[in-house]
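This report describes one protein structure for a reader who has not seen it before. Please look over the sequence and the model below, then read on.

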Amino acid sequence: MEDGREQQQQQQQHGRGSGRVAVVGGHEIEVEVAAAAGASSTGQGQHGDLDGSVQGPTWKRFLAHVGPGFLISIAYLDPSNLQADLLAGSSHRYSLLWVVLFGFIFVLIVQSLAANLGIITGRHLAELCMGEYPKYVKYCLWLLAELGVIAATIPGVLGTALAYNMLLHIPFWAGVLACGACTVLFLGLQGYGARKMEFTIAVLMLVMATCFFIELSKVNPPAGDVIEGLFIPRPKGDYSTSDTVAMFGSLVVPHNLFLHSSLVLTRKMPYTPKGRKDASTFFLLENALALFIALLVNVAIVSIPGTICADNLSVANTNTCSSLTLSSTSVLLKSIMGKSSSTVYGLALLASGQSCAVATSYSGQYIMQGFSGMRKCIIYLLAPCFTLLPSLIICSIGGALRVHRLINIAGIILSFVLPFVLIPLIKFSSSSTNIGPYKNSTFVSSLLSLVLPFILEMNIH
């Protein structure tokens, strides 16, 4: 009799909780759903319709879901994207802006799948991989995911160290150490809640956007050419195909899929059809808003060198434009637009690199927690040792002279890891067993089936 009461209390606790389970598997999912249903019927009997708990002004309910999209979007403003955009602008002016637009549309679709997966199942992508795949497959996925986090962290550390060198003239290795120390401090904010972390990254994103919009106002690119490049695909010039692949490849990053499916679980939502539908809609709108801001910043980044390098320049500046990098951009801006422009660029690079290092390290914690099942207090201490520390060591050894090469190598690794993360995401989000009636539409499944071979082909080349 007492055992029956204890089981009933546990079921009620599951019904009032976030809907997540500690041990993954089909049996636990059924218990969770039953508990949620029981709690729903109980709530209806005592307090009326459970959907009433989510009623209120729409703008307040939307604001409660704001945050994850901005933390996700910083990955599309990291130093690797910055380098690809600068090179595309200096070599092709505005003719590759359409790649940015269509790339962000694809990113919105994929990130929405990851968010919906967390909303519907109550578990993030790493937990689902751990529960659904055989032993050797899931540990291989874990290894690849950790490798992807390290590769995504390297550009952030490199960009931050370069920015410290530009702004404060400190040695590169000291900038690497400063980046590591600041990243650990920022990660400590999660002890006060996920929203504090999201707000911090949003502020850094705002700083970066402000800096590049200031630079854009100084160069004043022709609006007609920018709009034409954004909507009309007209690749031209040498290496346009390889630069197109580089720009698209730098947009979709594997760790973001794990992170987005995890961040949506930090919000309280009723596990009812209406609650899930509302949460999916709000997260979609919030993600679209954040990605739109990131799109505008990327357009500004491409347009700045696209305008500067089209003018009649000196021989030295023309040579700089022909092979533009993160460090040479500062020299170019200082030579043409003055020291203030170089300083503004350094601030933007600092915000880009530091926010990237924080976001990737943060995603590494969720990946390790999902695949290992260890307690959060242990994850907080252990995860940076497997993600941030190797990145710091690699960047310190590589030095300032190998920044461009290290970022390219990191991009190759991310392109290799991406299909191994996309395939489980597509599998889970298209399965009636995992998410029931909320599975992908035929259009989305067909689109992903068409794009995935392109990504695999991109990895081969």
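Where is the place of Asn220? Asn220 is in the loop between α10 (194–219) and α11. The model is a predicted one, in which local features need pLDDT of at least 70 and side-chain atom pairs count only at pLDDT 80 or more, while totals for chains, interfaces and linings use all residues. Residues are numbered from 1 along each chain as its sequence is written, and side-chain values use heavy atoms, with hydrogens and water left out.

**The protein as a whole**

The protein has 22 helices and zero strands. Helices (H or I, at least four residues) and strands (E, at least two) are DSSP runs, numbered from the N terminus. Of its 461 residues, 54% count as buried. Buried means under 20% relative accessible area, exposed means over 50%, and partly exposed is in between, for a 1.4 Å probe and protein chains only. A contact is a case of heavy atoms within 4.5 Å. Among the contacts in the protein with a separation of 6 or more, 84% come from residues 24 or more positions apart.

Asn220 has a phi near 50°, a positive value in a residue other than glycine. Asn220 is exposed, because its relative accessible area is 60%. In sequence Asn220 and Thr307 are 87 residues apart, but their C-alpha atoms are 7.8 Å apart in space.

His169 also belongs under this heading. The phi of His169 is positive, about 60°, although His169 is not a glycine. His169 lies in the loop between α8 (135–168) and α9 (172–187). With a relative accessible area of 65%, His169 is exposed.

Axes are lines fitted to C-alpha atoms, for helices over the stretch in contact, and angles run from 0 to 180 degrees between N-to-C directions.

| Helix pair | Axis separation | Angle |
|---|---|---|
| α6 (residues 97–121) and α11 (residues 223–231) | within 6 Å | roughly 50° |
| α5 (residues 79–92) and α17 (residues 339–372) | 9 Å | about 135° |
| α15 and α16 | 10 Å | about 145° |

Angles under 35 degrees count as roughly parallel, over 145 as roughly antiparallel, 65 to 115 as roughly perpendicular and the rest as oblique.

The axes of α6 and α11 cross at roughly 50°. α6 and α11 are therefore oblique to each other. The crossing of α6 with α11 is right-handed. A crossing is left-handed if the near helix is turned anticlockwise from the far one by less than a right angle, and right-handed if clockwise. On the α6 side the contact is made by Leu97, Trp98 and Leu101, and on the α11 side by Val226, Gly229, Leu230 and Phe231. These residues divide into six nonpolar, one polar and no charged. Ala, Val, Leu, Ile, Met, Phe, Trp, Tyr, Cys and Pro count as nonpolar, Asp, Glu, Lys and Arg as charged, and the others, Gly among them, as polar.

For α5 and α17 the angle is about 135°. α5 and α17 are therefore oblique to each other. Pro79, Leu82 and Leu86 of α5 make the contact with Tyr345, Leu349, Ser352, Gly353 and Cys356 of α17. By class, the contact of α5 with α17 has six nonpolar, two polar and no charged residues.

α15 and α16 cross in a left-handed way. Their contact is made by Asn317, Thr320 and Cys321 of α15 and by Ser328, Leu332, Ser335 and Ile336 of α16. The residues of the contact of α15 with α16 are three nonpolar, four polar and no charged.

Thr325 is in the loop between α15 (315–322) and α16 (326–337). Thr325 counts as buried, because its relative accessibility is 17%. Leaving aside neighbours within four places in sequence, Thr325 is in contact with Leu86 and His404. Thr325 and Val403 are 78 residues apart along the chain, and their C-alpha atoms are separated by 8.9 Å. The side chains of Thr325 and Ser327 make a polar contact of 3.4 Å. A polar contact is a pair of N or O atoms within 3.5 Å; within protein, one must be able to donate a hydrogen and the other to accept it, and residues adjacent in sequence count only if both atoms are side-chain atoms.

Asp278 is in helix α14 (residues 273–308). At 17% relative accessibility, Asp278 counts as buried. The side chain of Asp278 is joined to that of Lys274 by a polar contact of 2.9 Å.
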